[in-house]
Amino acid sequence: MAKITLQNLAHSYYPNPKGEDDFALKELNHDWADGEAYALLGSSGCGKSTLLNIISGLLHPSQGRILFDDKDVTQASTADRNIAQVFQFPVVYDTMTVRDNLAFPLKNRGASAQYIQDRVQQIGQMIGMEAELNKRARGLTADAKQKISLGRGMVREDVNALLFDEPLTVIDPHMKWELRTQLKSLHHEFGHTMIYVTHDQTEALTFADKVVVMYDGRVVQIGTPQELFEKPQHTFVGYFIGSPGMNVIPAEITGKTASVHGASLDLNRGYDALSGKVEIGVRPEFVTLTDGPGLPVSIRRVEDVGRHKIVRADLFGTEINIVAGESTSISPDMTKVVFDPAQVNVYVDDWLQTGKAA
Ligand code: ADP
Ligand code: MG
């Protein structure tokens, strides 16, 4: 196992990058603590695979260094880094049996026959393929082949890190949950440093101790699921995490007061004069519809999603979402909303402002 350190790391696929836009991965400094489970979360094209492939050694960065436990491995091969990586689509040896596919990384490292026998049996069980160990991989479904790929990634106990790049894409939905649970228990059992790439927030939030959110080639926040929910560092995090995501509303801020189209609301922190694009962010869970004083809204639609209701409304031309309790009755005279002041975040040019305790 190893701590992984990224120093001034950046990557461009162009030989002579002209500016920041030419970088698929913008400069990044970060430590991945030994033995933690991380999820790398972001939409398609934001640079997740680029970062993962740099960590595994499939790709050499155009700038910066990678250290494993303080040893520079920037130019080292994947084999020398002692990493297991599982990709989005299956990589299996078709002419070999499932058993031999799983045993391959162990044979390569010269493990004993008895150990290989036992370990392959155990992994076969984890991926639900015990009964098929003696079948050839050729002719199996894509789903089964991907389970073999996952198994082969997990078979070695002595790797420095286990990397997964959207490994459950081709897996059927019932099995997804099962395999994710297995990965988690594997992490508890062996304490490998794990990095799991996904564009699915549920997958990220259930798998990881820490979630690394990427947006447009940049790491915008690293935090626990709770930190991402309560204090999104960037409006993208607020919008991407949560269902529905955080409401982001243009505002003006004076000290402890926000003003939205001339209507005022209290904040629980104070801010110095702000310049740039100023917005407030508040999660739908902390917005309440009321027939008393508040900001004026018109309700567009109410969706009953079982455990609660989602109200879609318009606030001075900005669409906002409100989460209301299942038993809340929504009446026509509820034409205002109030925000919980402790849960209103202030953003300038999309980045969270800390303000001062007032
Ligand atoms: P993700 O895994 O988050 O979907 P990628 O890391 O694959 O994102 O891609 C990040 C950006 O780099 C994208 O704009 C993509 O088009 C570009 N890119 C990825 N691989 C290559 C490559 N081999 N050559 C040139 N551009 C690439
Ligand atoms: Mg990718």
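Modeller: Contact here means heavy atoms within 4.5 Å. The model is predicted, with local features requiring pLDDT of at least 70 and side-chain atom pairs counted only at pLDDT 80 or more, while totals for chains, interfaces and linings use all residues. Residues are numbered from 1 along each chain as its sequence is written, chains are lettered from A and ligands numbered from 1 in the order in which they are written, and side-chain values use heavy atoms, leaving out hydrogens and water.

The protein chain is divided into domain 1 (4-240) and domain 2 (247-357), with bounds that come from an automatic or database domain assignment. Taken over C-alpha atoms, the centres of domain 1 and domain 2 are separated by 38 Å. At the interface, 12 residues of domain 1 are in contact with 10 residues of domain 2.

The size of an interface is often given as the accessible area lost when the parts come together. Between domain 1 and domain 2 the buried area (accessible area, 1.4 Å probe, that two parts lose on being put together, summed over both) is about 1,000 Å². Carbon and sulfur atoms give 54% of that area. Across the interface of domain 1 and domain 2, the rule finds 0 salt bridges, a salt bridge being a side-chain nitrogen of Lys or Arg within 4 Å of a carboxyl oxygen of Asp or Glu.

The loop between α9 (235-240) and β11 (247-250) holds proline 244; helices (H or I, at least four residues) and strands (E, at least two) are DSSP runs, numbered from the N terminus. The peptide bond from serine 243 to proline 244 is cis, with omega near -5°. Most peptide bonds are trans.
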